[in-house]
Structure formats: structure tokens, C-alpha cells
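Have a look at the sequence and the model, and keep both handy while you read.

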Amino acid sequence: MTNKELKSELDNLSNKSSVEELQKYIKDMILVRGFKNTLLERMCLLTEEIGELAKEVRKTDKNLAIDINKKYSSNLENEITDVFICLMGMCDLIDMDIVKGLKDKEEINFKREWK
């Protein structure tokens, strides 16, 4: 697959796209860009992205002090997306169907009592 084909695949995604279509795009994107990470390396990348997401959330929380003289721009949506991409990449690496994973986990959660 070429970068041009990947871009075409991205352009065909919409808010109506299935999780399977999103997983396929991310799998193709990883291949095209040559990201040959191990599960451990992807976990490290995910941890880094979660840290970046935490920093973005921190900027929006009024209870945490930040440097008021520094100009901040919000990248919250980008950081959430990066976390999602890392998670989907991990799913691909272990050949996980995330929908099945959600259903299986929720069956466990339905048996729990939440307070």
C-alpha cells in the first residue's frame, strides 16, 4: 500500500465508520509508515501519549496551577486520538478484536456491583 492509497482510505472514513474499518486503517497506517514496534515498545509509546494527554487535561483544570504568563494551545483532541491510535495498534499486534474484547469485559462488569 502506498501513502496515496492510505490517504484515500482515510478520506473514506467517517463518523459512521465501523470499529473494524478504523482498526484496518490503523493497521495499514502502521505498515505504510514502517512502525515495527514490539508490544513492549507500543506500551511505552502509549504511556508517553497518556502523559501528553494528562498534560493537556491539566491545562483545562481550574484547580491546578499553571504558568499564567505562558501561552497554551489546546491539543486535547489530538492527544486523545494519539492514545486511541496506540491502543488500536496494540490490538492489531495481538490480533485482538476490540468489539469482542468490550463485550467480554462488559459481561464481567455486569456481574459487579458499582457504588
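Here is a short tour of the helices and their contacts.

## Ground rules

This is a predicted model, in which local features need pLDDT of at least 70 and side-chain atom pairs count only at pLDDT 80 or more, while totals for chains, interfaces and linings use all residues. Residues are numbered from 1 along each chain as its sequence is written, and side-chain values use heavy atoms, with hydrogens and water left out.

Helices here are DSSP runs (H or I, at least four residues), numbered from the N terminus. Two packed helices are described by the angle between their axes and the distance between the axes. Those axes are lines fitted to C-alpha atoms over the stretch in contact, with angles running from 0 to 180 degrees between N-to-C directions.

## Helices 1 and 2

Helix 1 (residues 3-11) and helix 2 (residues 19-33) cross at roughly 160°, their axes coming within 10 Å. The two are therefore roughly antiparallel (angles over 145 degrees count as such). The crossing is left-handed, meaning that the near helix is turned anticlockwise from the far one by less than a right angle.

Contact means heavy atoms within 4.5 Å. By that rule, Asn-3, Leu-6, Glu-9 and Leu-10 of helix 1 meet residues of helix 2 including Tyr-25, Met-29 and Val-32. The contact splits into five nonpolar residues, one polar and four charged. Nonpolar covers Ala, Val, Leu, Ile, Met, Phe, Trp, Tyr, Cys and Pro; charged covers Asp, Glu, Lys and Arg; the others, Gly among them, are polar.

## Helix 4 and its partners

Helix 3 (residues 39-60) packs on helix 4 (residues 76-93) at about 160°, with 9 Å between the axes. That makes helix 3 roughly antiparallel to helix 4, and the crossing is left-handed. Among the residues in contact are Leu-46, Ile-50 and Leu-53 from helix 3, and Ile-80, Val-83 and Leu-87 from helix 4. This contact has 14 nonpolar residues, one polar and six charged.

Helix 2 also meets helix 4, crossing at roughly 85° with the axes within 9 Å. These two are therefore roughly perpendicular (65 to 115 degrees).

## Helix 5

How far apart are the end C-alpha atoms of helix 5 (residues 98-109)? They are 16 Å apart, which agrees with the 16 Å that twelve residues should span at 1.5 Å a residue (1.5 Å times one less than the number of residues). At the start of helix 5, a side-chain oxygen of Asp-97 comes within 3.0 Å of the backbone nitrogen of Val-99.

Methods
Angles under 35 degrees count as roughly parallel, over 145 as roughly antiparallel, 65 to 115 as roughly perpendicular and the rest as oblique. A polar contact is a pair of N or O atoms within 3.5 Å; within protein, one must be able to donate a hydrogen and the other to accept it, and residues adjacent in sequence count only if both atoms are side-chain atoms.
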